Amino acid sequence: MYTEQGGEGPDLLLMLHGMGATGAVWSPMCAEAGARWQGRWLMLDLPGHGQSDWQDSYAIGQYAARVARAALPHMHSAGRHVVLGHSLGGVIGLALATGWFGVTPHQVFAAGIKIAWSDEELRRMEALASQPAKRFSTEEEAWDRYLKVSGLAGIAGAAAPVVARGIAHDADGWHLAMDPRANGVGKPPLPELVALARCPVHLGRGGHDALVTLEQTRALDPDARDLGAHGHNVMVEAPGQVWDWMASFS
């Protein structure tokens, strides 16, 4: 699994990105971590994304087990372990909060989790999961597609650090680095995961996030935070807002 890390000290902040993206979306927050986080940080490319290996299937439990194995060697028994997840990464954080996967965080922060899924949306995701990776004749076309899939179009360009590792090239041309089968993760059992959490769980969303409403988020966490006038990728648009949110619970 591809990882990057930094910082010093016993505490660990584990950052988990959303579907279709890579760990590079946390680069704006990593740039501020020296001043905002007293400890170490670890970000990774989830299985099937970026430069991490592909899997045969992508259930939430499988994600959580792989992430736990990758994070465990970085955890100090004397330190606090905090998970910060975005979208799919937030769901994986909730799964880790159950303690079922060999690590139990001290806190989980999850931003931008999509809560309501229509049957049509689920069918569309299943269809995408069954199709081979689309090939592009030029790098520019591949980047254009990646920016749309990751929700970064209009926020970042192909040269921005937050899109690193999003596309790949082989003998057949350019393609997204993401394994299409990762689209088949399905609808997560969010109420059950929240109810089973063995640590405090804090939910939030950007005020302009088109994928989830504050009302839906507060149905799971009555104290869910509106993270300001930002979209789905709030950690890219306003990393300081996310740091402030986390600091308010420290």
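**Labels and their cut-offs**

Student: Why is R165 called buried?
Tutor: R165 has a relative accessible area of 13%. Buried means under 20% relative accessible area, exposed means over 50%, and partly exposed is in between (1.4 Å probe, protein chains only). The value of 13% is under 20%, so R165 is buried. This is a predicted model, in which local features need pLDDT of at least 70 and side-chain atom pairs count only at pLDDT 80 or more, while totals for chains, interfaces and linings use all residues. Residues are numbered from 1 along each chain as its sequence is written, and side-chain values use heavy atoms, with hydrogens and water left out.

Student: Where does R165 lie, and what is its phi?
Tutor: R165 lies in the loop between α5 and β6. Helices (H or I, at least four residues) and strands (E, at least two) are DSSP runs, numbered from the N terminus. Phi of R165 is near 70°, a positive value in a residue other than glycine. S87 also has a positive phi without being glycine, near 55°. S87 is found in the loop between β4 (81-86) and α3 (88-97).

Student: What makes A168 partly exposed?
Tutor: A168, in strand β6, has a relative accessibility of 24%.

Student: Which residues does A168 contact?
Tutor: Contact means heavy atoms within 4.5 Å. Leaving aside neighbours within four places in sequence, A168 is in contact with G173, W174, H175 and A177. The C-alpha atoms of A168 and Q51 are separated by 8.9 Å, and these residues are 117 apart along the chain.

Student: Is S52 buried or exposed, and how do you know?
Tutor: S52 has 4% relative accessibility, so S52 counts as buried. S52 lies in the loop between β3 (40-44) and α2 (60-71).

Student: What does the side chain of S52 reach?
Tutor: The side chain of S52 reaches the backbone oxygen of D45 at 2.5 Å. A polar contact is a pair of N or O atoms within 3.5 Å; within protein, one must be able to donate a hydrogen and the other to accept it, and residues adjacent in sequence count only if both atoms are side-chain atoms.

Student: How do you know whether P47 is buried or exposed?
Tutor: P47 has a relative accessible area of 0%, so P47 is buried. P47 lies in the loop between β3 and α2. Not counting residues up to four places away in sequence, P47 touches M1, S52, D53, Q55, Y58, Y63 and R66.

Student: Which residues of helix α5 are buried?
Tutor: In α5 (residues 139-149), A142, W143, Y146 and L147 are buried. Seen down the axis of α5, its buried residues fall within an arc of 135°, so they line one face of the helix. The arc is that of the directions from the helix axis to the C-beta atoms. The buried residues pack against β6 (167-170) and β7 (173-176). The face turned away from the buried side carries the exposed residues E140 and K148.

Student: Why are α1 and α9 called oblique to each other?
Tutor: Helix α1 (residues 27-36) and helix α9 (residues 239-247) pack at an angle of about 45°, with their axes 9 Å apart. Axes are lines fitted to C-alpha atoms, for helices over the stretch in contact, and angles run from 0 to 180 degrees between N-to-C directions. Angles under 35 degrees count as roughly parallel, over 145 as roughly antiparallel, 65 to 115 as roughly perpendicular and the rest as oblique. At about 45°, α1 and α9 are therefore oblique. P28 and M29 of α1 and W243 of α9 are among the residues that make the contact.

Student: What makes α2 and α3 roughly perpendicular?
Tutor: α2 and α3 pack at an angle of about 75°, with their axes 9 Å apart. That angle is in the range 65 to 115, so α2 and α3 are roughly perpendicular to each other. The contact is made by I60, Y63, A64, V67 and A68 of α2 and L88, V91, I92, A95 and L96 of α3.
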